[in-house]
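Student: I am new to this structure. Could you take me through it, one term at a time?

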Amino acid sequence: MMQETNQSFVAEFILLGFSFNPSTTPLLFSAFLITYLLIILGNGLITILICLDSHLHTPMYFFIGILSILDVGYTTTTVPQMLAHLASQKKTISFASCVAQMYIFLVLGIMESWLFAIMSIDRYVAICHPLRYKVIMSPWLCGVMVIFCGLWGVISALVYTVFAMRLPYCGSNKINHFFCEVPAVLKLACADTSVNDRVDFILGFTVILVPLSLILVIYVNIFIAILRIRSAQGRLKAFSTCASHITVVTMFCVPAMVMYMKPGSEASLEEDKKLALFYNVISAFLNPIIYSLRNKDIQRAFLKVTGWGRAFQGRTAGEQRSKTHDAQSMP
């Protein structure tokens with residue numbers, strides 16, 4: 001009884017971050033800082049272009065804009081703190097801040113997982129029912145779908161967080177991670193976490209496996225429809241509209257599924273940090289590149305908004321008039 005009374009519960013945690021040579025800290029800090037700034041720039045630019053260009057006011061780009069906002073919020077929840085810890089000796093985070101970080105991270109992550117499923121529905125309607133696309137994917141329905149993502153994220157994240165933080169944390173306060181993620185925090189609980197493993201598996205099923213299964217079923221139907229297209233050019237165009245979405249889904253959902261659906265006893269902390277870095281930072285960095293690199297609508301919107309498109313057209317027209325004049329003046 002005396003032992004239980006004298007037990008001290010942690011008021012703050014220490015985030016150990018990555019295991020690396022201290023001499024590489026400046027290099028690591030610079031790399032993460034540049035990556036974070038590029039994430040803000042890339043996703044912010046896509047969001048601004050979608051807002052400003054009326055040609056991008058379609059369901060597909062509406063969902064891409066929401067995805068960009070989620071990516072910015074997702075990385076901002078973890079990366080600035082990681083940079084602060086790399087730049088200083090103090091690597092602590094209060095219990096309340098840890099809970100808040102865990103909850104916000106889960107809300108945005110779960111929203112993104114279900115948003116990918118909604119984006120696949122959008123692609124299905126666009127390819128399989130092109131004539132009814134605007135009628136089916138109305139602004140009202142798109143708004144309802146995004147609200148559903150938000151509510152599901154808020155509720156599921158609340159269950160995750162409550163079950164994780166209701167446990168007593170009375171031993172070590174060192175989290176072997178670069179932010180407060182559920183599997184890493186549960187390692188410090190001085191109580192049986194088998195119930196949490198079951199809850200995490202069930203919730204992982206509803207927030208990762210269900211949307212991923214929905215995406216798989218939808219894309220099977222999409223590919224069947226694409227194979228029925230007679231022209232090779234039409235099939236290639238349809239495939240290219242789906243390729244970017246499939247790539248982004250794979251980068252985000254597969255690592256997240258491995259992280260959250262395996263039992264805590266089988267978790268490797270170093271592997272978990274790499275997985276978290278991939279679906280938290282790398283995917284958010286690559287998403288704007290994947291969606292804009294080969295996307296002529298985004299490129300056209302960028303040239304239009306910046307005014308470079310008019311300058312390019314004016315220069316081209318001037319060169320054409322000059323060539324015409326030279327041809328006419330030739331004997």
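**Salt bridges, burial and a pocket**

Tutor: D122 is buried, at a relative accessible area of 1%. Before we go on: this is a predicted model, in which local features need pLDDT of at least 70, side-chain atom pairs count only at pLDDT 80 or more, and totals for chains, interfaces and linings use all residues. Residues are numbered from 1 along each chain as its sequence is written, and side-chain values use heavy atoms, with hydrogens and water left out.

Student: Why is D122 called buried?

Tutor: Buried means under 20% relative accessible area, exposed means over 50%, and partly exposed is in between (1.4 Å probe, protein chains only). D122 has 1%, so D122 is buried.

Student: What makes D122 and R123 a salt bridge?

Tutor: A salt bridge needs a side-chain nitrogen of Lys or Arg within 4 Å of a carboxyl oxygen of Asp or Glu. The closest N and O atoms of D122 and R123 are 3.0 Å apart. That is within 4 Å, so the pair qualifies. R123 has a relative accessible area of 9%, so R123 is buried.

Student: How many salt bridges does the structure hold?

Tutor: The structure holds 3 salt bridges. One of them joins the side chains of D53 and K304, at 3.6 Å from N to O. D53 lies in the loop between α2 (25-52) and α3, and K304 in helix α12, so this pair ties together parts that are 251 residues apart in sequence.

Student: Are D53 and K304 buried, exposed or partly exposed, and how do you know?

Tutor: D53 has 3% relative accessibility, under the 20% limit, so D53 is buried.

Student: What makes a bridge of D297 and R300?

Tutor: Their side chains meet at 3.1 Å, N to O. That is within the 4 Å limit, so they form a salt bridge. D297 and R300 are 3 residues apart in helix α12, and therefore separated by about one helical turn. D297 is partly exposed at 33%. R300, at 51%, is over the 50% limit, so R300 is exposed.

Student: What makes a run of residues a helix?

Tutor: Helices are DSSP runs of H or I with at least four residues, strands are runs of E with at least two, and both are numbered from the N terminus. Helix α12 covers 296-306. I298 lies in helix α12 too.

Student: Is I298 buried or exposed?

Tutor: I298 is buried, at 6% relative accessibility. I298 and L56 are 242 residues apart in sequence, with their C-alpha atoms 8.0 Å apart in space.

Student: What makes a space a pocket?

Tutor: The test uses a 1 Å grid over the protein atoms alone. A cavity is a set of points where a 1.4 Å probe fits but cannot get out, whereas a pocket is an open set with protein on both sides within 12 Å along at least five of seven lines. Lining residues have an atom within 4 Å of a point.

Student: How much space lies in the largest pocket, and which residues lie nearest its centre?

Tutor: About 1100 Å³ of space lies in the largest pocket. The volume is the space filled by probe spheres set on the grid points, which are joined across faces, edges and corners. The lining has 31 residues, of which M60, Y61, R123, T241 and D297 lie nearest the centre. The largest share, 9 residues, comes from α10.

Student: How does the lining divide by residue kind?

Tutor: The lining of the largest pocket has 15 nonpolar, 9 polar and 7 charged residues. Ala, Val, Leu, Ile, Met, Phe, Trp, Tyr, Cys and Pro count as nonpolar, Asp, Glu, Lys and Arg as charged, and the others, Gly among them, as polar.

Student: Where is C253, and why is C253 called buried?

Tutor: C253 is found in helix α10. C253 has 1% relative accessibility, under 20%, so C253 is buried. C253 and G109 are 144 residues apart in sequence, and 9.7 Å apart in space, C-alpha to C-alpha.

Student: Why is A11 called exposed?

Tutor: A11 has 60% relative accessibility, over the 50% limit, so A11 is exposed. A11 lies in the loop between α1 (2-5) and β1 (12-15).
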